[in-house]
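Student: Could you walk me through this model, one piece at a time? I'll ask as we go.

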Amino acid sequence: MARPLHRGVSGGGRLSGNIQDYLEDSQMKIKTDKDNSDKISKTSSDHVSLSLRNPFQFLFSDNSSSKQDSVENGFVLSDPFAPANSRNRHMLTLLLLKLSLVVIVILGLSISLLWTLSLTPASRSPVIRGYRRLQEQLVSDLWDIGELSLGTTRFKESEFCPLEFENFVPCFNVTENLELGLTEGKEFDRRCGPMSKQNCLILAPPKYKIPHRWPTGRDVIWIDNVKITAQEVLSSGSLTKRMMMLDEDQISFSFASSMVDDNIEDYSHQIAEMIGLRNESYLVQAGVRTVLDIGCGYGSLGAHLFTKHLLTMCIANYESSGSQVEITLERGLPALVGSFASKQLPLPSLSFDMIHSAWDGVEWDKKDGIYLVEVDRVLRPGGYFVWTSPFANTPASVRDKENLKKWEFVRNIAKNLCWDLLSQQDKTVVWKKPSKKNCYASRKHGSGPLICKEGRDVESPYYHPLEACIGGTRSRRWIPIEERASWPSRATLSSKELAVHGVLPDDFTEDNINWKSAVRDYWSLLSPLIFSDHPKRPGDEDPIPPNYMVRNVLDMNAHFGGFNSALLDARKSVWVMNVVPTSGVNHLPLILDRGFVGVLHDWCEAFPTYPRTYDMVHADGLLSLQTVKQSRCSMLDLFYEIDRLLRPEGWVILRDTTSLIESARAIASRLKWEARVVEIESNDDEKLLVCQKPMIRSQANSL
């Protein structure tokens, strides 16, 4: 097994001295590599552009262009390191080498192919599988030959982004959208164009510190880790901001702080009572497991409900400073940047048991109530919509005609959606979505939104426009929350529920067993690495178990959500953002029905979150999936995005085919990650790549 990794170290060396000196040394190394590259470009006219999908491309590279396009493992990439064209005395030697390789490759493949075709049909199948493995080995060998011919120029270390990228969130540009004339909430829409990608490494802020361990990190964060000023914390202009207390260089969150005229514990207790429960601890028994919090403040409701075994995902608009999503994620709680001003949320219908909205700024009375229709789409049958607003029917709002008009509009839309008004206390209202479909047919003609027609209600609403019709009623997943198994039994779906998703019970059981074994292997692999050289290793007087070494995981290719389930079964104190790639099979409805959280996403675009928001990134088979689909982005693009999402000293675990893992390891070294390849027992076709991102801060005022 390869040498151990160390926290905060790249390339195996131990970081000592001032971090600024380390950065200067790194930049000097990059400059030296650049000078060497320039010298090479003056003495060599050939540049090799490799491709695993087309492994012979480097044999036929065009020397007439100063920049060449390559296809790397199915990911399209324009190589930024192609040297300039120049004649030299090595041209003839390189040309002869290329021609020799061409002849060898063509002869070898031709003979092996003719031999394969000459086999009988009965014996051909196993031999073809062996032949394909030989092809893969040939690709790997050609890759190695190509790397030798390239020398060090191809894998030159990546550069650092400018300081303004510290909190860069691609695809969300409010200023640009406003200049395009987009208003009424559309300025917050997600728009991913060619300029939304970054081709550099985003540095941590100068005073960035490793977050506190869970659960301390849920209630205390470092102010320098997020883009918020002390003045914003101390400002009394927002109730949610008054929930924070500034203590030197830290922000503390307290459940006893002010929110909606009371503390958060009393507020959640009030919601439970309005539903008819003794307190919030009984929400799980009532069928509530997952909550969508629209405009969540800084995640305090979700932090409190987390202790009651409820999983709350925050969703809020992009904010350049004082972001609700960034601070919620810094606390180690689920959150996404998102807006449903004009597009549906990237979630299937019937996704959440409860939807909460308090002082969110959403204009629910606009666009004929289409925002409430979207809430209804993602709310499960029998689920609850909790709304706290100054427009609710309070004595103060009744005296204001404009507020009264808004309240009447929202109440009428809710009635037309067949929601049952359960209770109203002060500024908080609770509605319940119907468990049965009878109400929709009994409504007066033209009294509310129609039922969506076949084809209009989609399970993969990625960039899908808002629909003014009621969705989910035709779904086989229409199961009232009170009829579902309560948590944690819900995580194991019955055979009847699996049949709804087209999954065989044996496949589901095997997946769970495999992931339980994988989690044991992952933890046994990472634990000694973390505790062998950890800057915040617990002292003997206060030991912390390895279960707390990560708080959140981004699973980039979640499949059935088996990794999430195995972590919970192993009693790891961690939650998982389960991502289902749009290029693969959509198992997100199954994942959500298990009581987990997740989202659809195209990995050729940036993930809707701020930099440095996940402790661990995991991907099983994602590289193969992207390769098969001949994706429009490169593997390097994908790794830049992973680096943006990962916290300093965070971990990456990739599982894929041997050839792809070897390619990924080379890219990881470019990104200054410490990486090693781990063999998988009884599996020669796949390997693990385990990486750690180093702690590198920007130079300005660096500690």
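Student: What stands opposite L554 in β18?
Tutor: L554 stands opposite V617 in β18. Strand β15 (residues 552-555) and strand β18 (residues 614-620) pair in the parallel sense over 3 bridges, where pairing requires that DSSP finds at least two bridges between two strands. Helices (H or I, at least four residues) and strands (E, at least two) are DSSP runs, numbered from the N terminus.

Student: Before we go on, what sort of model is this, and how are residues numbered?
Tutor: This is a predicted model, in which local features need pLDDT of at least 70 and side-chain atom pairs count only at pLDDT 80 or more, whereas totals for chains, interfaces and linings use all residues. Residues are numbered from 1 along each chain as its sequence is written, and side-chain values use heavy atoms, with hydrogens and water left out.

Student: Back to β15 and β18; which order do the strands of their sheet follow?
Tutor: The order is β17-β16-β15-β18-β19-β21-β20, an open sheet of 7 strands with mixed pairing. Its edge strands are β17 (597-601) and β20 (674-680), each of which pairs on one side only. From one strand to the next the twist averages 20 degrees, with axes being lines fitted to C-alpha atoms, for helices over the stretch in contact, and angles running from 0 to 180 degrees between N-to-C directions.

Student: Is β20 mostly enclosed or open?
Tutor: Strand β20 is largely enclosed by the rest of the structure, because 5 of its 7 residues are buried, and buried means under 20% relative accessible area with a 1.4 Å probe, counting protein chains only.

Student: How does β20 join β21?
Tutor: The two strands run antiparallel and are joined by 7 bridges, with A675 standing opposite C691 in β21. Their hairpin has 2 residues between the strands, and S682 takes a positive phi near 60 degrees there.

Student: Which helix lies across that part?
Tutor: Helix α20 (residues 658-670) lies across β19 (646-657), β20 and β21 (683-692), and runs at about 20 degrees to β21.

Student: What about the sheet that contains β8?
Tutor: That is also an open sheet of 7 strands with mixed pairing, in the order β10-β9-β8-β11-β12-β14-β13. At its edges stand β10 (335-337) and β13 (420-425), each with a single partner strand, so one side of each is left without a neighbour in the sheet. The twist there averages 20 degrees from one strand to the next. Helix α10 (residues 370-378) packs on this sheet, touching β8, β11 (352-358) and β12 (379-388), and its direction makes about 135 degrees with that of β12; contact here means heavy atoms within 4.5 Å.

Student: How many bridges link β8 and β9?
Tutor: Strand β8 (residues 290-294) and strand β9 (residues 311-316) pair in the parallel sense over 5 bridges, and V291 stands opposite T312 in β9.

Student: Changing topic: is T473 buried or exposed?
Tutor: T473 counts as buried because its relative accessible area is 8%. It lies in the loop between α13 (438-442) and α14 (495-500), and, leaving aside residues up to four places away in sequence, T473 touches K437, Y440, I451, D457 and W478.

Student: And what share of the whole chain is buried?
Tutor: Buried residues make up 55% of the 703 residues in the protein chain, which has 20 helices and 21 strands.

Note on methods:
Buried means under 20% relative accessible area, exposed over 50%, partly exposed in between (1.4 Å probe, protein chains only).
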